[in-house]
Amino acid sequence: MGYCCFRSSPAESPTPVTSNLSTERISRTTATTTNTTSSGVSNFSKDSHFSASGGEAFPDGHILPDPNLRIFTFAKLRAATKSFRPDTVLGEGGFGKVYKGWLDEKLSSRMGGGSVVAVKKLNSQSLQGYEEWRSEVNFLGRLSNPNLVKLMGYCLEDKELLLVYEFMQKGSLENHLFGRGSTVQPLPWNLRLKIAIGAAHGLAFLHQSERQVIYRDFKSSNILLDGVRLPPPDLIHWYSMHQSQSDNFAIFQSYNAKLSDFGLAKVGPSASRSHITTRVMGTNGYAAPEYVSTGHLYVKSDVYAFGVVLVEMLTGLRALDQNRPSGRHNLVDWIKPVLSSRRKLKNIMDSHLEGRYPSKTVFQVAQLALKCLEPEPRSRPSMKDVLETLQQLEDTSERTMEPKVRSNNHRIAHGQGQEPLHLRPYSNRRAYQNSPRD
């Protein structure tokens with residue numbers, strides 16, 4: 001399965017600015033130094049372990065006072081990735097390549113053993129590098145939320161800069177929307193809505209934190225999806241006989257969205273200011289117009305980018321594509337006038353959906369996208385309002401699908417043909433809460 005989480009667009013600016021979430025600086029010391037108090041990750045010894053994010057005490061996430069991460073040696077990460085073997089590459093971006101690794105070398109990866117991780121390694125020729133690496137540690141090392149990718153640790157050894165993340169089995173939203181080949185499954189509408197809600201959760205958390213965080217690089221390639229845990233057949237049959245139709249195999253569903261790559265993140269404006277001014281960075285096609293034209297960065301600049309991704313999810317088209325005919329290169333400029341018309345919207349919906357979507361809900365999502373794409377930041381909704389709207393639409397969509405759900409459960413309970421797991425309706429907020437473990 002593809003893993004495109006760190007793939008950078010050619011339109012991206014190559015040099016991110018530093019993060020201001022932490023005023024401490026991470027010095028270029030080696031990972032073999034223990035208890036390095038001058039580091040931005042202070043008072044942590046070699047191979048010390050990180051605090052698990054999204055624990056029961058903070059189900060909606062929290063901000064740690066300091067980054068609490070595991071410090072890896074370069075030798076350990078080299079062994080985990082089989083010496084950074086080419087066949088372990090998951091993706092590549094401006095920072096460098098991302099490799100799949102197994103932390104427990106005693107267990108063979110071919111037998112499914114070990115802890116699977118994603119290791120991002122700085123390319124020595126990269127124009128990004130240390131500042132982005134430090135920003136990732138200072139931001140993602142402190143932010144703990146179920147809809148943010150977990151940064152497990154880092155390596156800072158001589159000239160080697162590496163970051164270690166949880167492995168996201170289903171790769172990026174970008175890959176599922178625009179990827180080609182037999183390994184790429186088009187996303188049905190219910191999963192697209194679930195992914196939008198998960199991503200909105202992540203942004204709302206950043207914006208509502210005590211010190212507002214502006215993500216600044218929200219796009220489909222930075223939305224990662226976790227994998228499906230398939231239960232044994234007898235357990236599927238048991239649940240088909242005993243669970244209520246509203247559950248509908250939700251515990252076996254996945255595609256939970258998490259935001260990744262915080263190299264461009266910034267702390268938002270103070271209470272006395274509406275915006276901060278910074279060098280324009282990010283990705284063309286997603287950046288808000290006020291930011292592109294003036295360098296003024298608002299919390300609601302992220303909301304604009306969220307609107308762009310909603311349009312991508314509706315149409316199955318990239319935000320920016322120079323291969324499209326003239327006048328259609330920029331998706332928002334082309335599609336925005338169409339979103340307010342039910343009839344025209346139907347004509348530009350992603351053909352991979354094959355017309356299988358609730359037209360009323362889809363139109364309401366299009367109207368929400370229009371609000372997010374308002375030219376003036378103050379006219380856009382907050383991410384909290386966006387999230388609540390999407391959740392209401394999901395609830396409405398599920399109620400309209402109940403007769404179909406009942407029919408599916410009846411067929412499965414009697415041993416008849418089953419739909420592919422990823423096409424079944426589900427209840428987003430109930431998924432995995434009380435699921436049995438593999």
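Good morning. The model before you is predicted. I begin with the chain as a whole. The protein chain has 438 residues, and 56% of them are buried. Its secondary structure comes to 12 helices and 14 strands. The chain exposes about 19800 Å², of which carbon and sulfur atoms supply 49%. Consider next the contacts between residues at least 6 apart in sequence: 72% of these join residues at least 24 apart.

Let us turn to the sheet. In what order do the strands of the open sheet stand? The order is β2-β7-β8-β5-β4-β3, which makes 6 strands with mixed pairing. At the edges stand β2, residues 70–71, and β3, residues 89–92; each has a single partner strand, so one side of each is left without a neighbour in the sheet.

Which sense of pairing, parallel or antiparallel, do β3 and β4 show? They pair in the antiparallel sense over 3 bridges, with β4 spanning residues 96–102. A hairpin of 3 residues joins β3 to β4.

Helix α2, residues 130–140, lies across β5 (116–122), β7 (151–157) and β8 (160–166). The helix runs at about 35° to β8.

I come now to the aromatic residues. How many aromatic pairs does a search of the whole structure find? It finds 6. One of them joins Phe84 and Tyr99 in an edge-to-face arrangement, with 5.1 Å from centre to centre and 70° between the planes. This pair links distant parts of the chain: Phe84 is in the loop between α1 (74–80) and β3, whereas Tyr99 is in strand β4, and the two are 15 residues apart. Are Phe84 and Tyr99 buried or exposed? Both are buried. Phe84 has a further neighbour, Lys121, which lies over the face of the ring at 5.4 Å from the ring centre.

Elsewhere, Tyr215, Phe218, Phe262 and Phe306 form one aromatic cluster.

Thank you for your attention.

Note on methods
Residues numbered from 1 in each chain as written. Predicted model: local features only at pLDDT ≥ 70, side-chain atom pairs only at ≥ 80, totals over all residues. Heavy atoms only, no water. Pairing = 2+ DSSP bridges. Helix = DSSP H or I, 4+ residues; strand = E, 2+ residues; numbered from the N terminus. Contact = heavy atoms within 4.5 Å. Axes fitted to C-alpha atoms, helices over the stretch in contact; angles between N-to-C directions. Phe/Tyr/Trp six-rings, centres within 6.5 Å; stacked < 30°, edge-to-face > 60°. Buried < 20%, exposed > 50% of the residue type's maximum accessible area, 1.4 Å probe, protein only. Lys NZ or Arg CZ within 6 Å of the ring centre and 35° of its normal. Areas by Shrake-Rupley, 256 points an atom, 1.4 Å probe, with all protein chains shown as cover.
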